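Thanks, everyone. Please look at the structure while I talk.

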Amino acid sequence: MDQHQLLLWTKELSKTYFNREFHADIVFNGRLRTTGGRYIPSKKLIEINRKYLDELGLEELKGIIKHELCHHFLHVEGKPYHHRSKEFRQLLKETGSPRHCSFLPSIEREKYIYQCRKCGLEYKRRRKVDTKRYSCGKCRGKLVQK
C-alpha cells in the first residue's frame, strides 16, 4: 500500500464510520517506533506506522486509522480531542475504534528476567535491575538474572 492508496482508504473509512468527508492528509512515517499512529493538530496531519501494516495486517491498521480520525474530527469541531476527554471516548465507542493499538511482535517487550532464589517468583523487566540494591517484593529474597 502506498501513500495515495492510504489516503483513498482513509476517505472511505471516514465516510463509512463517521459519515464525514476527510479533507486532511495522512502519510506513513517510518520513524514512529512505539505507537501505531499520531494526529498532529497544527498540520491537520495523521501519521501512520507502516510496521503495523506489515506485521499485523489491514484490520489492525483500520483500527489505528479510525482512532486517529476520532482525534481529527473532534479537533476540527473544536471539541476536546485528547485520550482522557469524555467526547473522545464516546466517539471511539460509537465508531467501534480501539482505544490502544496492539503490541508489535517484532519489538521485544521483556528483555530481562529475574527470579527470586527464595520463593522462585519471576520478574520480567525491560530495563536492567541492580540485584544488589533490589530484592523480591514478596519475600525479600535475593534476585538472580535468568
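Let me start with the salt bridges: the count comes to five, where a salt bridge is a side-chain nitrogen of Lys or Arg within 4 Å of a carboxyl oxygen of Asp or Glu. This is a predicted model, so local features need pLDDT of at least 70 and side-chain atom pairs count only at pLDDT 80 or more, while totals for chains, interfaces and linings use all residues. Residues are numbered from 1 along each chain as its sequence is written, and side-chain values use heavy atoms, with hydrogens and water left out.

One of the bridges pairs R20 with E77, at 2.8 Å from N to O. R20 sits in the loop between helix 1 (3-18) and strand 1 (25-28), and E77 in the loop between helix 3 and helix 4, so the pair ties together parts that are 57 residues apart in sequence. Helices (H or I, at least four residues) and strands (E, at least two) are DSSP runs, numbered from the N terminus. For accessibility, buried means under 20% relative accessible area, exposed over 50%, and partly exposed in between, with a 1.4 Å probe and protein chains only. R20 is partly exposed at 29%, and E77 is partly exposed at 37%.

Another bridge joins K146 and E122, with the closest N and O atoms 2.5 Å apart. K146 lies in the segment after strand 6 (143-145) and E122 in strand 5 (residues 122-125), so this pair ties together parts that are 24 residues apart in sequence. K146 is exposed, at 59%, and E122 is partly exposed, at 38%. Back at R20 and E77, bridges that share partners join these two and K79 into one network.

R38 also has a bridge, to E47, with the closest N and O atoms 2.5 Å apart. Is E47 buried or exposed? E47 counts as buried, at 9% relative accessibility, whereas R38 is partly exposed, at 35%.

Now helix 3. Of its 19 residues, 15 are buried. Just after helix 3, G78 takes a positive phi of about 80°.

Further on, K86 lies in helix 4 (residues 86-95) and counts as exposed, at 68% relative accessibility.

Last, the pockets. On a 1 Å grid over the protein atoms alone, a pocket is an open set of points with protein on both sides within 12 Å along at least five of seven lines, and lining residues have an atom within 4 Å of a point. Points are joined across faces, edges and corners, and a volume is the space filled by probe spheres set on them; the probe is 1.4 Å.

The largest pocket has a volume of about 310 Å³. It is lined by 18 residues, and those closest to its centre are T35, G37, H67, E68 and H83. Which element gives the most to this lining? Helix 3 does, with four residues. The lining divides into six nonpolar, nine polar and three charged residues. Here Ala, Val, Leu, Ile, Met, Phe, Trp, Tyr, Cys and Pro count as nonpolar, Asp, Glu, Lys and Arg as charged, and the others, Gly among them, as polar.

The second largest pocket has a volume of about 230 Å³. Its lining includes R33, K51, F103 and R126, and divides into four nonpolar, two polar and six charged residues.
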